[in-house]
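Biologist: I am new to reading models. Could you take me through some features, one at a time?

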Amino acid sequence: MLNRRTLLGAASAMILAVTAGFAQADVIKIGVLAPVTGKAAADGQEMVNGAQLAVDELNAAGGVAGHTFELVVGDVGEASADAVATAAERLLGDRDMGAIMTGYASGSNFEIEMMAEQDMVYLVSANSAQTEGIISPSPDDFGTVWSMTPSYAGYNTEIVPVIEELAAAGKLSLPNKKVAIIASDNPYSKGIAEGMVDSFGKAGWEVTENDLLPFGEINDWRAFLAKIRQNPPAVLINTDYVSANAATFMTQFMEDPTNSLVFIQYAPSVPEFLELTKENSSGVVYNLLGGVLNTPTNPRAAEVLSKYKTVFGNEPGSYGPALYEQVMIYADALGKVGDPKKRAEIGTEIGKTNKQTAMGRIQFDPATHLSVQSNEGVPIQFYQIRDGERYLFYPDVYATGEFEQPAWMK
Amino acid sequence: MGRLLDISQVTAGYGSITVLRNISIGVDAGECIGLFGPNGHGKTTLLQTISGLLRPAGGRISFEGTDITGARPRDIVNAGLIQSPQGNTLFGDMHVLETLELASISRRARRGRDENLRRVFDLFPQLGERRSQKAKTLSGGERQMLSIGCALMCSPRLLMLDEPTLGLSPRLKKELAGAVGNIARSGVPLVIVEQDVEFLLSLTQRLYMIEHGEVIREIDRANAPDHDSIMKLYFGEAVH
Amino acid sequence: MRPAATSIILPLASLVLLLLVPLFATDSYTRHLFIIAFLYAVIASNWNLSLGHCGVFNFGHLTFFGVGVYTAAILSKTIGINPWIAIVAGGATAALAAFVIAAPVARLKGIYVVLVTFAFGQLVMQLVLSQAQITGGAEGMVRIPYLRLGDYSFIKDYKLGYYYAALFLLVASTLFLLAVVRSPFGKSLKAVRDAEDYAAARGISISRQRITVLVLSAIFTGIAGGFYAIYLRVASPDVFGFGTLSLALSMVLIGGTGTVYGPIVAALALTFATEALAGIRGLEEARFIVIALAMIVVLRIAPGGLLGIIEKLNIGERKTAEPADARN
Amino acid sequence: MIDTLIATLVSGLVLGSLYAMMASGLSVIWTTLGVFNFAHGALMMIGAFVAWTVSEAAGLGLLVGIASGTLAAALLGVLIERLLVRPYYGNRNMLLITVMTTLAAMIILEKGAQMIWGARLKQLPRLVDGEISIFGATISAHEAILVVLAPLILLSIWRFTVRTNVGRSLRAVGQNQRSAALIGIDVPVAFAIAFGLSAALAGLTGALLGSIRFITPSMGAEPLVKAMIVVIFGGLGSLGATAGAAYIIGIIEALLILWLGLYWTPFVLFLMMIVVLVFRPTGIFGSSQ
């Protein structure tokens, strides 16, 4: 025991000595923790691209407070715990690391604790329910960790009033007050489905189906759809966010559509969903929290999107612009603090952010470290896809088009 | 020169185990010879080496004057040097006729296919009766017939039979011996590996006695000792 | 008699070196890599006990690891048992799982062993996925309690405590393996591996041996799983995935498996080699290709290491030189 | 209720056709060489990607794409046989070594595909558009083609192995290599043909599936596992048993999804696989030795 204490002391002393010597580095590294390989590589590469875009732009403008930036990628692969931890350790172990960005690295966001332990600035986009779960018991321990996405609570509740409003305004005729919900077995999908069941129930709807699928590749939705066709609900909801699964769902639904409004969680916002479903997705509805708010009243979004497209040649989903903005938020905070080594201070500064971004106006809730959801802040956005175009129809202030009853509904 | 099959100083084995040691054997045109000796002393290994299933570690094998040492089995079959292997199960799930037809796959054999087929069915009428039966449903004797039939379908210029009577009843043995005799009389030179000395003596002109991978004695018709003394020599008193 | 240098001095010297590593590697990243490498070394060397020393081609070895992971996670987080005990309990449940799968494995041969153990792994994974209220389903469990020793907490010490704990685990596992291999039982394993018929004739029960060896190989693998869960504070179903399996398998194969130490050395080498490649942008996928190629090359040209065991797998067929008639 | 049942059976038929094509390829290699090819799913994926590249990226049309995908997979299959399987002929542990080498091949193909084609999902257009209604159950016309095509392909492979000398020699080599060599069959060539044929089947399956599912580097994993279940269920042996088992598994899977839900279906399938392996390792159609 004595031995270990001595060793520990010696080691800590060495670390202090070493870190002190490097305090004046003028190139700050920005880590991106992302699934660059494996199944989620499309998302991961978009994250890297978004961050790279911001870094290049900052460097071209001469850097921030005398510092320029360099991007370092930590690949989490298939997001196994040791892959995420190893990549995170590698980034954390780099003495020039100023901040780490991610869209999502693990499904559980467990790496947040690793970041907080070392006072590393960590900005994350997705899985806000997990982030909230980790941070809200003791927000002060996570001074450097902030989430760009607001609480997912809006996903659970907002859909009911939006649909009822559409019906009341005569834009949507609902044959009955039944809803069928299918979810995939992961906290995101399942949590939202449970929330929706609750919200619809409270509003007096009958939930006719509430199925759960294993998380993973689903190639055949026909068994579920067969049940739907037996007893068609007015609203059909799928909260599986995997775009390939959702695209298959949509295609198989359209083989023999029922008189139901189809709502799919998140997946339709991914660019390839459109490519994959083509005309089959015309009419589908989805919503986004913390997604790109591409509307005339928020010109920032169009600007970021067009920059991204110019450099990388394709349309990004949410993660490219999100990582771009994350780097920019860090850069702003760094500009105020000046010294990249004062990460705790930078974290505090990030917490005070009040900035118009591609996602809306970002402000953070000190209790949860999530961005604040509101029409003036980061709004929940409802979209409808029609003929390959996305129409933002709710909230009205940002609307880029009207909702129209899907062609398959009588 | 001039020997049909000439094996000189061949050494072969499996991995690090040497089975054949500098063995030399020859077969002349029109001749039937027998290989004889205790089990596990290299007779089957020798046939496998000749057929190209095993690559010899040393020595030379030539057939009709052509060097075939280390040639591929398929080329050796094409040359007409055919083996009917021991303890045959052939292709269990293939029909008799299918098997025989397949056996004439080599370029040379394809030409004589119909004639060979007739010859096989003449020789083994039972096979003709069972032509659409799967090989695995045949009796031991019939399998042996099919195996020899396959070899004949290859249009052999030299036929090597590895223990054709193994495990057969005396009656079947006799029947098969008759058939093999017919093949020999039709002019196909034979190399026969057998435990049954009487069977061998009745068919062959010469015998090689093989022990520990070497030829320890060559016996001509002329200097043949009688049956009992051969048995004594190799199997001790206890046989019979 | 082997020279003392290879059997005692070299391992001891390596151990001393590893004990000193934290003095030089003061950053938590390097130490983390060592910890992960130690865990893989435990997995690979124990796998080698069934694969190399007994010739049982167990494709579900990582299942034992996963069982350990979830045991420790559930016991320490859900039930609140001391993490140290939870880690050791991982070994017990893994051994139990090994016992369950051993029954069919003992009866089967060749490819059927591969398939049944693979299926078993998939079955356990499906079970873990489907019991989401206990296991956390697809996303797994997080915030698992961490280790403490008295009032010494294992976090925020730049992983010093975990380093030595993992090293201790590796040393214990290695001593255990050495003891097994050198015991009369270990020698009878060799007899079975090298001549199944002969061993059976001498009254060695082959199926009992296979069961025993699978259970023994699971113990430290399960403990390593428990340690993994407590160390990373996560349990997620990807431990059952193909990625972990093929990485561990490549360690066993590339290490060469005549000895207990081969897979251990390979685990250390491969962990650092792949991590070095992981740092190069744009080559993230390539590192897996490099490992796969290394596996193929070793299988092809390094018979000393790998073909040694392969030769000894599945013994008992005498007609060795015949072209592959390996089915049964 | 009847409608649902019919829809389920049709869905099982689609699955069964897919499994039959995958599993018969696996089975051809198994019966001929005694090799269990873990790269089979990856070859299917390559077929789909090449079909996509030729058809979509190069714009040469879907049929040319499918043909190229099939051919590319076949060539890769022959290459795998040459480099990763042939060196171990005659080794008594060939089966287990090739499990490892083909596993390595799978990793290389999957990761290589990701490097070449990137991470974004891809899809091929369908051979024909529109839907077809069978007894009130609707499937896409493309899937209907798959359902019709699969038995035809299997039948022609079966005829090939029964009627032609090349096909027969594949069977002969599978049943008894030594005897096959002794009647003049070129065993290595037969092996290469078997591998090429099997890989071509995988490639064709991939190219056809690429219009229904999405083309990703890991798209072959699930069909490979299902094909494994099928060959175990049918017994590692004859083509007919494999095809029969494929349809049975397809329908069982569809029924399980209907009755138990997607959630428990994989669990039950794997349990079935273990039970069959333990109690009848030769498969339900195989003769117990």
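Biologist: Is Ala65(A) buried, partly exposed or exposed?

Modeller: Start with the cut-offs. Buried means under 20% relative accessible area, exposed means over 50%, and partly exposed lies in between (1.4 Å probe, protein chains only). Ala65(A) counts as partly exposed because its relative accessibility is 47%. Ala65(A) sits in the loop between α2 (41–60) and β2 (68–75) of chain A. Helices (H or I, at least four residues) and strands (E, at least two) are DSSP runs, numbered from the N terminus.

Biologist: What should I know about the model itself?

Modeller: It is a predicted model: local features need pLDDT of at least 70, side-chain atom pairs count only at pLDDT 80 or more, and totals for chains, interfaces and linings use all residues. Residues are numbered from 1 along each chain as its sequence is written, chains are lettered from A and ligands numbered from 1 in the order in which they are written, and side-chain values use heavy atoms, with hydrogens and water left out.

Biologist: How do I read backbone angles?

Modeller: Most residues other than glycine have a negative phi, and most peptide bonds are trans. Now the case here. Phi of Ala65(A) is near 50°, a positive value in a residue other than glycine. Glu163(B) is not a glycine either, and has a positive phi of about 50°.

Biologist: Where is Glu163(B), and is it buried or exposed?

Modeller: Glu163(B) lies in the loop between β7 (158–162) and α8 (170–185) of chain B. Its relative accessible area is 2%, so Glu163(B) is buried.

Biologist: Which peptide bond is cis?

Modeller: The one from Tyr394(A) to Pro395(A) is cis, with omega near -5°. Pro395(A) is in the segment after β15 (389–394) of chain A.

Biologist: Next, salt bridges. What is the idea?

Modeller: Side chains of opposite charge can pair when their charged atoms come close. The rule asks for a side-chain nitrogen of Lys or Arg within 4 Å of a carboxyl oxygen of Asp or Glu. By this rule the count is 41 salt bridges over all chains.

Biologist: Show me one in chain A.

Modeller: Take Glu325(A) and Arg300(A). They form a salt bridge, with the closest N and O atoms 2.7 Å apart. Glu325(A) is in helix α13 (residues 319–337) of chain A and Arg300(A) in helix α12 (residues 299–312) of chain A, so the pair ties together parts 25 residues apart in sequence. Both Glu325(A) and Arg300(A) are buried.

Biologist: And one in chain B?

Modeller: Asp93(B) and Lys134(B) meet in a salt bridge at 4.0 Å, N to O. The pair links distant parts of the chain, 41 residues apart. Asp93(B) is in the loop between β6 (81–84) and α3 (96–103) of chain B, and Lys134(B) in the loop between α6 (125–129) and α7 (140–153) of chain B. Asp93(B) is partly exposed at 32% relative accessibility. Lys134(B) is partly exposed too, at 34%.

Biologist: How about chain D?

Modeller: Glu253(D) forms a salt bridge with Lys226(D), the closest N and O atoms being 3.2 Å apart. Glu253(D) lies in helix α10 (residues 239–260) of chain D and Lys226(D) in helix α9 (residues 221–234) of chain D, so the pair ties together parts 27 residues apart in sequence. Glu253(D) counts as buried at 7% relative accessibility. Lys226(D) counts as buried at 11%. Salt bridges that share partners also join Glu98(B), Glu101(B), Arg113(B), Arg168(D) and Arg171(D) into one network.

Biologist: Now surface patches. Which residues form the nonpolar patch?

Modeller: Patches are made of residues with over 30% relative accessible area and no salt bridge; like charges are joined within 9 Å, and nonpolar side chains (Val, Leu, Ile, Met, Phe, Trp, Tyr) within 5 Å. Accessible areas come from the Shrake-Rupley method with a 1.4 Å probe; for residues, only the protein chains shown count as cover. Val16(C), Leu19(C), Leu20(C) and Phe24(C) form the nonpolar patch, with about 390 Å² of accessible area together. Phe24(C) is in helix α1 (residues 4–24) of chain C. Phe24(C) is exposed, with a relative accessible area of 66%.
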